[in-house]
Every structure is written in C-alpha cells, then in structure tokens.
Amino acid sequence: MTGPPARWTRVRGICFDLGGTLVCAEPEPTTGLVARLLGISLERARLVMEDGPKRRRTTPEELAGDLATAFHRPALLGPLVSVLDRARQRASAPELFPDAVPALVALRQRGFALYGLTNSLGSSVPERPPPALHDLLDDVFHSADIGAVKPEREAFAHVERVSGLTPRELLHVGDSLRADVVGAASAGWHGAWLDRQRPAGHPRPYPLDAPRLHRLTSLPRLLPARPTEALTREPEVRDGADL
C-alpha cells in the first residue's frame, strides 16, 4: 500500500540505531544468550532487560550478580559475567556494515548532523566512544545514559534537547519496526525502516508511513542536497517505497 508523498525537506539531523543498522549484529544477541543461560523465554529476558539493565549504567559483574540473584541461579554467575563481558568488548570495537561508512560520509559532507540512538545494556556501554563511531557521528546516545528506551518518547526527546532540533527536522533510521519506526512516528519524527533481510517486494507486516530501505547507501538520495537548501529543494519520498 502506497500513501501520499512524505517530504523530508526540513530534515537537518539524522539519527541511526546501532545494532542491526550501523553495527553488525551477533548471530545470537546478548539478551538471547542470557535467556538461554537462565532457562527463560527470550520475551521474558527482553522485558527484564528493558525494565532496568537498559536504563542505567552498570558493569558486567554487577549485572550478572543481579540476574543470578533474581533468578536464584548463583552457579550461573561466572557464565553470565563471561557473556556480558564479551558484549562489552564487542561494543568497544564494533564492526560496521559495509554500507554504513559510505552513507555516513556522504551525509556528513552534505552538512547533516548525525547521531546514534540505541537501546543498550548498561553493562555494554564502552567507557569511551569507539573510533569507528566517534569519527562518523556527532554523538551517540545510549538508553542506559538517558534512562529511557526506544520507542519511549523520552528517548527521542533527549536527542532533540541535545541537538537543538525539532521533531520535523529529525529523521530516525533503524531496523526495528517497534523501537525505531513506530517510536519515531510517535515522537513526531520522520522515519525510515532499514530491512536488510527481506527482498524488495516482500509483503509488509502492516502498512508503514515510512520508506523501507534495503541498504543505507539508498538514504542520501532521498534527502535534500544540503540541509540549508531544504526549503527550496523538495525531493519526494513515497511512503512505503522499497529502496
């Protein structure tokens, strides 16, 4: 289903999800590994992580201790520390998707402000921004520092306050329909769904008021040549388009 044209002519800042969007995701996410260790469902593990560990900074040792105690599994303290410590190491040296750097460089050269916004375990947030992201983005915002997780409004409001941009001037790009696309729309932002898995023409789970991208390098051509030209240059992006 294709809706009326969605115009991004006022966009001045672009925000990206990290894992699965800019950063290559692990075959089994950390939350999945923790769920398997604890013998609980992935859905329950996600709820546990969103309820606290993704809203505050902690260490792998502290979080492992909290989880082992909460689930009455003291023997799992060591394995949990190992899983969480590996996640922290990966976050300190992330592997970017091949299309991430050329897309970000192109957008940076055109004058757009670039940010990262990610739901991350407080135990995984690196002490210093890794060079792979620091050199390409103006700032990276972690849910563990904000105290809110996407799709909550406060996560997006934090970016607005720091950037000084309004919702109409911000575009969020991510691979999660719930956290990224729905979250951005609820905040009044523009949104784009990065769907690396499904080929063009694959049925959608439901109609989206956002274009579906299959690669990040499709993004620059949907935007004005430069943010300062936004009011005179009006490229049309058709809602639900596959790119």
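Here is a short walk through this structure, from the overall fold to a few of its contacts.

The model is predicted, so local features need pLDDT of at least 70 and side-chain atom pairs count only at pLDDT 80 or more, while totals for chains, interfaces and linings use all residues. Residues are numbered from 1 along each chain as its sequence is written, and side-chain values use heavy atoms, with hydrogens and water left out.

Let's start with the whole protein. Its secondary structure comes to nine helices and eight strands; these are DSSP runs numbered from the N terminus, with helices being H or I of at least four residues and strands E of at least two. Of the 243 residues, 51% count as buried, meaning under 20% relative accessible area with a 1.4 Å probe and protein chains only. Among contacts (heavy atoms within 4.5 Å) between residues at least 6 apart in sequence, 69% join residues at least 24 apart.

Now turn to a pair of helices, α3 (residues 60-70) and α4 (residues 77-92). Two packed helices are described by the angle between their axes and the distance between the axes. Here the axes come within 8 Å and cross at roughly 140°; they are lines fitted to C-alpha atoms over the stretch in contact, and angles run from 0 to 180 degrees between N-to-C directions. The two helices, α3 and α4, are therefore oblique to each other, the term for angles that are not under 35 degrees (roughly parallel), over 145 (roughly antiparallel) or 65 to 115 (roughly perpendicular). Residues of α3 including Leu63, Ala64 and Leu67 meet a group in α4, among them Leu80, Val81 and Leu84.

Next comes helix α8 (residues 153-163). Its buried residues are Ala155, Phe156, Ala157, Val159, Glu160 and Ser163, and what covers them includes β2 (13-16), β3 (113-118), β5 and α9. Just after α8, Gly164 takes a positive phi of about 75°.

Helix α9 (177-186) has buried residues too, including Leu177, Asp180 and Val181. The buried residues of α9 pack against α8, β5 (170-174) and β6.

Finally, look at the rings. Rings of Phe, Tyr and Trp (its six-membered ring) pair if their centres lie within 6.5 Å, with planes under 30 degrees apart counted as stacked, over 60 as edge-to-face and the rest as tilted. By this rule the count comes to two aromatic pairs. The rings of Phe156 and Trp189 have centres 5.1 Å apart and planes at 80°, so this pair is edge-to-face. Phe156 lies in α8 and Trp189 in the loop between α9 and β6 (190-194), so the pair ties together parts that are 33 residues apart in sequence. Both Phe156 and Trp189 are buried.

Note on methods. Buried means under 20% relative accessible area, exposed over 50%, partly exposed in between (1.4 Å probe, protein chains only).
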